[in-house]
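The exercises below are meant to be worked with the sequence and the model side by side.

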Amino acid sequence: MNTVLLQYAVEVEKTGSITKAAANLYMDQPNLSKAIKTLEESLGAPIFRRTSKGVVPTAKGRIFLEHARNVLDQIEKMEHLYKPDQVGGVEFSLSMPRASYLSLTFSRFIRSLDKEEGMNVWLRETNSADTLKDVETGEYNLGIIRYQSSSEGYYAQAAAAKGLLLEPVLEYSLRLLMSEHHPLAEKKEIIGEDLLPYIEIAHGDGSSGRRENFEKKGKVPESTKHVYVFERGSQFDLLDEDPHTYMWVSPMPEELLTRYGLVERQCKKKTGTYQDALIYRKGYSFTDWDKGFLNQLETVKSIFLE
């Protein structure tokens, strides 16, 4: 059971109001109502009932909420075993796509922090669908999603429906990433047919988390050979060790290309443009640490992605 849903239910009980609880949780009231309904459906019984005085627990709901508070209390105690006791430490969470410029931004952000402070930092690399869920539930405060620019309207509506705000971060065209020893590395003009003999590396969870999305795009693939990975380290090892592999990627900082012995190449193929966008919950106030990460992001974009 999702512990975030338990937190939502306990907050509703404490305030006696879906509206007040939603405000305290930095959520829209319809999204909180939907979350409580999901929890009740999973239990097979209502937790709350509406009265003229507000929302109150049912008889079974009171028993459930007592257990929920005990569970949350135990989780908090377990977390304190690993969390620093200092007050005012770094609290930062980000769900994002596997992108080298974002990874570099995160590394520079961590390097900039005061190492004397307590620190709880969470980073998840995943697909856009999962990131939307991560931020909607409050499990992560910030998210960055990736989509084709032509789909911006759809993702803007999807974010709004979940009570999220969306701000563009970077628009770009995909480019080829390959070993500097790849047979095509010195070719002045690469076309789609040139890629047919080689192995394409792709992220196995795609944009929606379903592998079949890669196989049902309705377009002729550049290669019939694919390796699906879920971890960025694996992709760099494959590209570096096997000069017959390639990837379609977002812009990559030059220092990382040099570190891994890789090169970026353009391909004469209509790939369209892509957009990376920041998402966060309506009403959420950026912390100093959030602002620090976003400042590092602007620096990386201006210095490394010119």
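A residue is called buried under 20% relative accessible area, exposed over 50%, and partly exposed in between, with a 1.4 Å probe and protein chains only. The model is a predicted one, in which local features need pLDDT of at least 70 and side-chain atom pairs count only at pLDDT 80 or more, while totals for chains, interfaces and linings use all residues. Residues are numbered from 1 along each chain as its sequence is written, and side-chain values use heavy atoms, with hydrogens and water left out.

**Exercise 1. Decide whether T51 counts as buried, exposed or partly exposed.**

Start with its place in the chain: T51 is found in strand β1, residues 48–51, where strands (E, at least two residues) and helices (H or I, at least four) are DSSP runs numbered from the N terminus. T51 has a relative accessibility of 30%, and therefore it counts as partly exposed. For its spatial setting, note that G16 is 35 residues away from T51 in sequence, with a C-alpha to C-alpha distance of 10.0 Å.

**Exercise 2. Describe the open sheet, giving its strand order and its edges.**

First, write down the order, which is β4-β3-β5-β14-β6 for the 5 strands, with mixed pairing; two strands pair if DSSP finds at least two bridges between them. Next, look at the ends: β4 (119–125) and β6 each have a single partner strand, so one side of each lacks a neighbour in the sheet. From one strand to the next, the twist averages 15°.

Then take the pairs in turn. β3 and β4 run parallel and are joined by 7 bridges, and F92 stands opposite V121 in β4. β5 pairs with β14 in the antiparallel sense over 6 bridges, with L278 of β14 as the bridge partner of I144. β6 and β14 are also antiparallel, over 9 bridges, and here L166 has I279 of β14 as its bridge partner.

Finally, consider burial: β14 is largely enclosed by the rest of the structure, because 8 of its 9 residues are buried.

**Exercise 3. Find which residues of the largest nonpolar core touch the most other members, and which elements supply this core.**

A nonpolar core is a set of buried Ala, Val, Leu, Ile, Met, Phe, Trp, Tyr and Cys residues joined through side-chain atoms within 4.5 Å. The largest one holds 37 residues, and those touching the most other members are F92, Y101, L176, M178, L195 and F293. Among the elements that each supply at least two residues are β3 (90–96), α5 (100–112), β14 (273–281) and α10 (288–304), and α5 gives the most, with 5 residues.

Beyond its neighbours within four places in sequence, F92 is in contact (heavy atoms within 4.5 Å) with partners including F106, F109, W122, L142 and F293. Apart from this core lies another, of 22 residues, among them L5, I36, L65 and L72.

**Exercise 4. Determine which residues of helix α3 are buried, and compare its span with the expected one.**

The buried residues are N31, L32, A35, I36, L39 and E40. Helix α3, residues 29–43, has 15 residues and reaches 21 Å from its first C-alpha to its last, close to the 21 Å expected at 1.5 Å a residue; the expected span is 1.5 Å times one less than the number of residues. Just past the helix, G44 takes a positive phi of about 80°.

Key: Axes are lines fitted to C-alpha atoms, for helices over the stretch in contact, and angles run from 0 to 180 degrees between N-to-C directions.
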